Amino acid sequence: MKLEGKRKIWNEYQKDIADDKYFYVRSCIRQAVFPGSENTYLRIMRDVLKKDVHESAHHTTCTGIGYQDRKSVV
Amino acid sequence: MGQLFDKLNSDVRFVEGIKGCINCGTCTAICPAAEVYDYQPRTIAHLVQTRDDSIIENLLKSDTIWYCGECMSCKTRCPRNNAPGLIIQALRKLSIETGLFVESEKGRQQLALKRMLSDTIIETGYCVHFDHTTLDMFPEQGPMWQWVQDNREAFLPKVGANYKGEGPGAMRAIPQSDIDELRNIFEVSGGLKWMETIEEFSAKKAQEMGLDIGEGKASEYFANIYTSNNQAKHSRK
C-alpha cells in the first residue's frame, strides 16, 4: 500500500491527546497481578515528567471491563 | 427473513456492522484472530447477509463467534464501512439470550467470565481482585506468586500499593456506596438479568453433561469449561 493511501485511511481515527492534567484510569488486572506497576508509573509521570495526574478513590472497575465483559454482562 | 434475523436486526450494533458486504476479504487479511483461530470475519459478514435463520442458529451455537477479540481492526479497513466486530457483538448477545451459547466450548466459557469477572465486580468493585488471583486459577503467575500472596500484608505496601486502604491507590478498598451504585447500574442496564440468564442456561447444560453446577469456582462444570480447550479444532488450519 502507498503511504499516502495509508495516511488517508487512518486520518479519521487520529485524535488529540492532552499533554498535561490527566485523570488516571486504573486497570484492575494491572493492580492485581503487577502490584508495583501503578506506583512506578505514577512516580514517573509526576516526579520525572512533572505531569499533573488526578486519582479518585471512587474509581471502580476498570475501563477494560467495558470492553472485555461486554461479552457477558452489558 | 426469520425470527433470529429479526432479533439480530433490532440490535443497533448489527445495523451499524453490516451495510453490504462485497466479500473482498480485507477484514480477514487484517484480523489478528484469523492469524491463530479457524476464523474469518469475511465469512461472518457473508453468513448473516443470507438472512437465513438456520445459518444464523448454527452461528449462535458455534465456537466461531467467540474467537473474535473485538479489536475492531476490521472496521478500520472495510471499503464498505462494515464492521464484522460489531456483528460479532450482536451475535454474542443473541447467543446468550437464546441460551445457544452453551452448545459450544467457547460459548460455555461465558459462565467462567460471569463468575470470575462479573460476580467480582458486584462483590468488590473490581473485575479482577488481588485476593482472587490464586495460583490454581492463574498458573501463569508462576510459583513466586504464592509467596506474594502469602506475604501480602508486608509486601504490598513496599511496592506502593494501598491494599484495602482508604483513599486512592492500587488495590484500595472501594467504598460500599460506590459498589452499591455500581450494582444499581448493572440492575438498571440489564446486566444482572444477563448474568442470571448465563447461570440458568449453564445449569441446564451442566445437568445434561452430568456435572455439578455448584457455586463460584467450586463446581465440576466450572472446572470443565475453564480447562477444556480443543486446540486442534480451534487452531487456524
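Predicted model: local features only at pLDDT ≥ 70, side-chain atom pairs only at ≥ 80, totals over all residues.
Local features need pLDDT of at least 70 and side-chain atom pairs count only at pLDDT 80 or more, while totals for chains, interfaces and linings use all residues. Residues are numbered from 1 along each chain as its sequence is written, and chains are lettered from A in the order in which they are written.

**View 1. The side of chain A that touches chain B.** Here 26 residues of chain A are in contact with 37 residues of chain B (contact: C-beta atoms, placed from the backbone, within 7 Å). H2(A) supplies the largest share of this side of chain A, five residues (helices are DSSP runs of H or I, at least four residues, numbered from the N terminus). By class, this side of chain A has twelve nonpolar, nine polar and five charged residues (Ala, Val, Leu, Ile, Met, Phe, Trp, Tyr, Cys and Pro count as nonpolar, Asp, Glu, Lys and Arg as charged, the others, Gly among them, as polar).

**View 2. The largest nonpolar core.** This core has 44 residues (a set of buried Ala, Val, Leu, Ile, Met, Phe, Trp, Tyr and Cys residues joined through C-beta atoms within 7 Å; buried: 20 or more other C-beta atoms within 10 Å of a residue's own). Leu8(B), Ala33(B) and Val48(B) are among the residues with the most contacts inside it. H8(B) gives the most to this core, seven residues.

**View 3. Surroundings of Ile87(B).** Beyond its neighbours within four places in sequence, Ile87(B) is in contact with Phe14(B), Gly17(B), Ile18(B), Ile44(B), Ala45(B) and Val48(B).

Note on methods: Contact = placed C-beta atoms within 7 Å. Helix = DSSP H or I, 4+ residues; strand = E, 2+ residues; numbered from the N terminus. Buried ≥ 20, exposed ≤ 12 C-beta atoms within 10 Å, placed from the backbone.
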